[in-house]
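Please prepare a briefing on the model shown here, grouped by topic and with the cut-offs behind each term.

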Amino acid sequence: MSHLFTRIKETITADFHEILDQKEQKNPIAMLNQYLRECEQETDKVRKLVERQYLLKEEFTREYKEAEHLTEKRKRQAEIAAQAGETELHEFAVREHDQYQERTVRLNESLKEVTRQLEDLERKYEEMKHKLKDMYIKRMELMGHENTARASHRMNKVLDSSSYSAGSYGRFDEMENYLDRLEHQVNTGYHRNTIDGRIAQLEKELKKEDSIAQ
């Protein structure tokens with residue numbers, strides 16, 4: 001029991017910032033999820049202990065009330081036997097009364113101890129439930145921070161002039177140079193085809209004139 005209480009105390013008093021060291025900082029949400037699962041398991045164990053302690057308290061209460069009832073019953077029976085002069089019956093009732101009375105005292109002490117333990121378990125159980133709730137909220141906060149960080153990273157990647165903008169301008173310059181080269185090739189081909197056509201026509205006309213002259 002003391003070992004369990006030690007584990008409970010460690011679970012309740014754990015500090016997130018001390019647990020998430022440099023290695024865990026690489027993926028804090030995954031580590032937090034693992035830690036949450038462990039705490040949920042411990043909390044469930046305490047819940048079962050609380051339920052068992054309730055049942056134990058009820059059993060002690062029933063036994064105590066029954067012993068108390070029998071103590072009073074044997075006391076009355078001893079008085080009746082004494083008044084009737086039944087010595088043997090009176091002695092038996094007195095012995096029974098003393099045994100039940102001793103049992104009543106013992107059960108009363110046990111009932112007080114069980115009740116104290118139950119209250120202690122209930123307090124720890126409530127503390128653990130609050131701690132779990134705090135960890136759930138912490139996980140949501142971490143997820144929100146992580147989403148914001150990822151969104152900011154993507155936006156900065158798009159808006160960063162040294163990366164996206166410079167790269168975009170570079171691609172525009174490359175495309176413009178390509179169009180210039182393409183235009184030059186088209187114009188050159190056009191002029192070349194035009195000159196070749198004119199020369200061919202002139203050549204044809206000169207041949208025609210030579211044939212007429214002959």
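**Briefing: helices, contacts and salt bridges**

Glu51 is partly exposed, with a relative accessible area of 42% (buried is under 20%, exposed over 50% and partly exposed in between, with a 1.4 Å probe and protein chains only). The model is predicted, so that local features need pLDDT of at least 70 and side-chain atom pairs count only at pLDDT 80 or more, whereas totals for chains, interfaces and linings use all residues. Residues are numbered from 1 along each chain as its sequence is written, and side-chain values use heavy atoms, with hydrogens and water left out.

**Overall architecture**

- The protein contains 5 helices and 0 strands, where helices (H or I, at least four residues) and strands (E, at least two) are DSSP runs numbered from the N terminus, and the order along the sequence is α-α-α-α-α.
- Of the 214 residues in the protein, 22% are buried.
- Among the contacts in the protein (heavy atoms within 4.5 Å) that have a separation of 6 or more, 80% are made by residues 24 or more positions apart.

- The structure holds 9 salt bridges, each being a side-chain nitrogen of Lys or Arg within 4 Å of a carboxyl oxygen of Asp or Glu.
- Glu51 pairs with Arg47 in one of these salt bridges, at 2.7 Å from N to O, and both residues lie in helix α3, 4 residues apart, which is about one turn of the helix.
- Arg47 is itself partly exposed, at a relative accessible area of 27%.

- Glu113 forms a salt bridge with Arg116, the closest N and O atoms being 2.6 Å apart.
- Because Glu113 and Arg116 are 3 residues apart in helix α4 (residues 87-159), about one helical turn separates them.
- Glu113 counts as partly exposed at 34% relative accessibility, and Arg116 is partly exposed at 44%.

**Surroundings of Phe60**

- Phe60 lies in helix α3 and is partly exposed, with a relative accessible area of 21%.
- Leaving aside residues up to four places away in sequence, Phe60 touches Leu107, Ser110, Leu111 and Val114.
- Phe60 and Glu109 are 49 residues apart along the chain, and their C-alpha atoms are separated by 10.0 Å.
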